[in-house]
Amino acid sequence: MSNQSNNYGRAYEFICLITLNEEINKFRLSEIEKNSSFYAAESAWNSVDENLREVLKQSAYAAVYSIFDLEPLIVEDGNDKLQLRLQEDKKGELGDVRDIIIVRRNIKWEIGLSIKHNHFAVKHSRLAKSLDFGEKWFGIKCSEQYWNDIKPIFDYLDKEKLSKTKWKDLPNKENDVYVPILEAFMGEIRRSYKNNLEIPKKLVEYLLGEYDFYKVISIDNRKITQIQTFNLRGTLNLPAKNNKPKSKIPIANLPTRIVSLDFKPKSLNTVELYLDNGWQFSFRIHNASTIVETSLKFDVQIIGMPTTIISIDCLWN
């Protein structure tokens, strides 16, 4: 993600947080916890121009009341003060993809929102020379076969890194780097799956995080804010004392089988993972720097979801 995109994303998180707080306070007491993430997002907001601010304000406002309709516990008038906070970035690395947390401590209840500005990416995980992705992704250490498969690729990258070679100057980075690394990656997932049938479930839990959440995506060119419901454990959409959710969000089933894992047709840098229960992901590998380094980044996208993941399009005024 470019610095500009990252800045816009933080600015969008900020105005979503502010808008939520303003609208919640029309029903009950609410306050924002002003931590380091809040100040970083506020700084990003102050750095964007007035036109973009207006766009982001419209987008944030469009989503708020749909979220209230799904989560009546937010606006239920209790004796407690509802709290809002922005998560630290390191939480995402530890398996929590939520950006905004909404908390009511007196009833030990919270939900989270993942905030996206003009993109649908799930994760930006890495493959690297000494990074054990198997242990990190699904709790099984990578095999000796995997390390043997990737060693010549990273030895080659090590040599080019010392020479300060630019990625664009490699004679054939697709066939010399991307294809063999992706083949090693797929081979390791297949081996792990053969020995542990929980791999499909663990993969999705890694990619989507360990908590249920709503994904809020601003699609500026369509003037739509889309809300996607990731209710994998049944913690979303709970009733309040005197009010039920206006729409029922079903619990989505996690996958139990890998149906297919292979290169995307006519692609040398993307593999597609097809699972049962409607889950489909693409993994596009790319260099995230100008100069060659011994690390590559994935852009992971959901290309298919179960019908139990509900998408709600909120039109801007």
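Helices H7 and H8 meet through Gln145, Tyr146, Asp149, Ile150, Ile153, Phe154, Tyr156 and Leu157 on the H7 side, and Asp176, Val177, Pro180, Ile181, Ala184, Phe185, Glu188 and Arg191 on the H8 side; contact here means heavy atoms within 4.5 Å. Sorted by class, that contact has eleven nonpolar, one polar and four charged residues. In this sorting Ala, Val, Leu, Ile, Met, Phe, Trp, Tyr, Cys and Pro count as nonpolar, Asp, Glu, Lys and Arg as charged, and the others, Gly among them, as polar. Helices (H or I, at least four residues) and strands (E, at least two) are DSSP runs, numbered from the N terminus.

Before going on, bear in mind that this is a predicted model, in which local features need pLDDT of at least 70 and side-chain atom pairs count only at pLDDT 80 or more, while totals for chains, interfaces and linings use all residues. Residues are numbered from 1 along each chain as its sequence is written, and side-chain values use heavy atoms, with hydrogens and water left out.

Back to the pair: the axes of H7 and H8 are 9 Å apart, and the packing angle is about 165°. Axes are lines fitted to C-alpha atoms, for helices over the stretch in contact, and angles run from 0 to 180 degrees between N-to-C directions. H7 and H8 are therefore roughly antiparallel, going by a scheme where angles under 35 degrees count as roughly parallel, over 145 as roughly antiparallel, 65 to 115 as roughly perpendicular and the rest as oblique. The crossing of H7 past H8 is left-handed; that label applies if the near helix is turned anticlockwise from the far one by less than a right angle, and right-handed applies if clockwise.

Now look at the loop between helix H7 (144-162) and helix H8 (173-195), where you'll find Trp167. Trp167 is buried, with a relative accessible area of 2%; buried means under 20%, exposed over 50%, and partly exposed in between (1.4 Å probe, protein chains only). Setting aside residues up to four places away in sequence, Trp167 touches Leu157, Lys173, Val177, Asn287, Ser289, Thr290, Ile291, Val292, Glu293, Ser295 and Leu296. Met305 is another matter: it sits 138 residues from Trp167 along the chain, and their C-alpha atoms are separated by 34 Å.

Over to helix H1 (residues 3-24), whose axis comes within 8 Å of that of helix H3 (residues 50-70), crossing at roughly 50°. That makes H1 and H3 oblique to each other, and H1 passes H3 in a right-handed crossing. The residues of this contact divide into 14 nonpolar, two polar and two charged. Among those on H1 are Tyr8, Tyr12 and Ile15, and on H3 you'll see Leu52, Ser59 and Tyr61 among others.

H1 also packs against helix H2 (residues 36-47), with axes 7 Å apart and an angle of about 110°, so H1 and H2 are roughly perpendicular. The residues of the H1 and H2 contact split into ten nonpolar, two polar and two charged. Phe14 and Ile18 are among the H1 residues taking part, and Phe38 and Trp45 are among those from H2.

Ser59 turns up again with Ser218: their side chains make a polar contact at 2.9 Å. A polar contact is a pair of N or O atoms within 3.5 Å; within protein, one must be able to donate a hydrogen and the other to accept it, and residues adjacent in sequence count only if both atoms are side-chain atoms. Ser218 is in strand S7 (residues 213-219) and, at 0% relative accessibility, is buried. Leaving out neighbours within four places in sequence, Ser218 contacts Tyr12, Ser59, Lys116, His117, Asn118, Ile224 and Trp316.

Follow that list to Asn118, in the loop between strand S4 (109-117) and strand S5 (121-123). Asn118 is partly exposed at 41% relative accessible area, and its phi is positive, near 60°. Most residues other than glycine have a negative phi. Asn277 also has a positive phi, about 65°; it lies in the loop between strand S10 (270-275) and strand S11 (280-286) and is partly exposed at 36%.

Finally, Asn317 follows strand S13 (311-315) and is exposed at 81% relative accessibility. Beyond its neighbours within four places in sequence, Asn317 contacts Gln58 and Tyr61.
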